[in-house]
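Work through the exercises below with the sequence and the model side by side, trying each task before reading its solution.

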Amino acid sequence: MTGATTRFAAIADRRAAGGKGGIASICSAHPLVIEATLRHGAVHGADVLIEATCNQVNHEGGYTGMTPAAFRAFVEAHAASTGFPLDRLILGGDHLGPNPWKHLPAAQAMGKAVAMIDAYASAGFTKLHLDASMACADDPAALADDTVAARAADLAAAAEAAVARTGGQKPVYIIGTEVPVPGGALEALDHMHVTEPADALRTVEVHRQAFARLGLDAAFSRAVGVVVQPGVEFGNADIIAYEPRKATKLVTSLESMPQFVFEAHSTDYQPAEALAALVRDGFAILKVGPWLTFALREALYGLSYIAGQLVPDPTRDSLPDAMERVMLASPGNWRKYYPGTPDEQRLQRHFSFSDRIRYYWPSPDAQRATEALLAALGDREIPRPLISQYLAHLDAEVGAGRIKPTAHELLIGSVTRVLDIYRSATSP
């Protein structure tokens with residue numbers, strides 16, 4: 001292994017040697033989020049980890065329409081345009097397993113999962129989260145730990161074979177599945193169960209045994225992260241912040257598995273001090289996604305209101321109105337996640353922390369509305385009073401000269417503001 005993947009593979013060794021740093025895992029396929037992330041990495045001379053999920057990107061296209069090879073080309077094109085060195089890029093696959101096909105019998109679903117992870121490994125993705133925890137059509141409701149681990153090992157075998165065939169870098173593996181609901185919880189939150197230390201240790205052991213049964217000891221030696229629940233979560237309007245005292249026993253269990261660090265999912269919207277505490281305690285891989293597109297949506301809506309004042313045009317819809325039509329026309333990505341009255345659902349469609357609106361930005365109508373807004377504003381400098389009124393969270397940065405007050409740069413700046421929080425938390 002070379003470059004960024006080599007450095008990532010040593011993340012547990014660095015912690016064992018006293019290092020307290022970590023890395024943010026950027027989970028988004030939005031072009032502006034990718035641009036902001038790579039620009040941020042280039043400025044700071046830092047490694048960047050970008051991950052795609054099994055539903056988002058797979059060998060059948062996923063909901064983005066991209067295969068792993070296409071996603072890699074997409075990210076690398078942004079790296080070229082931003083001057084980000086590819087030797088600092090790590091591409092990951094998240095929740096790689098049968099989840100997109102769990103409505104099928106297990107054998108068929110796992111066949112598709114094997115084809116998917118083959119595509120990821122063949123395309124040069126070097127951080128692979130193996131997740132076969134979900135029950136398929138002919139499975140019992142809850143899978144035994146041994147079954148989950150055996151299926152994960154089958155996926156690892158496919159990845160190893162793909163790399164041997166293509167001559168690519170050997171991947172680093174993440175195991176474990178005890179995570180919050182993808183995209184945030186569905187109900188109001190008041191507490192969160194922290195993974196029991198015994199469960200984390202058992203996850204490692206059953207995976208070790210499953211890999212060994214397939215002769216994959218060398219592959220298991222490249223497993224560096226265990227997904228656990230540290231007690232963090234967000235819902236539509238709720239955030240549960242990390243409380244170190246509640247995770248003390250779980251953190252202590254890392255002493256019994258020095259090969260690993262913890263990977264924390266759904267760390268979006270955590271206070272800066274909570275993110276720093278997570279990294280300090282061994283949750284060295286912090287997954288973030290909805291917060292980044294939430295920040296982008298904030299800026300897009302702010303620019304829409306600014307355009308209404310700066311370049312009024314009665315023939316141009318506001319972006320919130322355009323997005324409302326898009327989401328109402330195709331409710332599948334939000335309806336079951338947003339309970340309540342019609343008015344409550346309307347607010348959640350646009351402003352929920354779970355940010356289900358992110359699934360709609362790639363639609364043709366949403367793209368046309370966004371392009372019309374950005375074309376109306378062009379490269380003109382937006383007056384500070386309008387930024388103060390509609391994009392107040394960026395006003396200080398504009399005033400200090402760190403963000404140019406143009407539409408594009410304000411969008412990048414809104415995402416960068418979140419990236420800065422994660423950089424501070426993960427820096428040694």
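**Exercise 1.** In what order do the 8 strands close into a barrel?

Solution. This is a predicted model, in which local features need pLDDT of at least 70, side-chain atom pairs count only at pLDDT 80 or more, and totals for chains, interfaces and linings use all residues. Residues are numbered from 1 along each chain as its sequence is written, and side-chain values use heavy atoms, with hydrogens and water left out. The order is β1-β2-β3-β4-β5-β6-β9-β10, with parallel pairing (strands, E, at least two residues, and helices, H or I, at least four, are DSSP runs numbered from the N terminus; two strands pair if DSSP finds at least two bridges between them).

**Exercise 2.** Find how β3 is joined to β4.

Solution. Strand β3 (residues 89-96) runs parallel to strand β4 (residues 127-130), and 3 bridges join them; G92 has K127 in β4 as its bridge partner.

**Exercise 3.** Describe how α3 packs with α17.

Solution. Begin with the geometry: helix α3 (residues 31-44) and helix α17 (residues 407-426) pack at about 60°, their axes 9 Å apart (axes are lines fitted to C-alpha atoms, for helices over the stretch in contact, and angles run from 0 to 180 degrees between N-to-C directions). That angle makes α3 oblique to α17 (under 35 degrees counts as roughly parallel, over 145 as roughly antiparallel, 65 to 115 as roughly perpendicular and the rest as oblique). Next, take the residues that meet (contact means heavy atoms within 4.5 Å): among them are L32, V33 and E35 in α3, and H408, E409 and L411 in α17.
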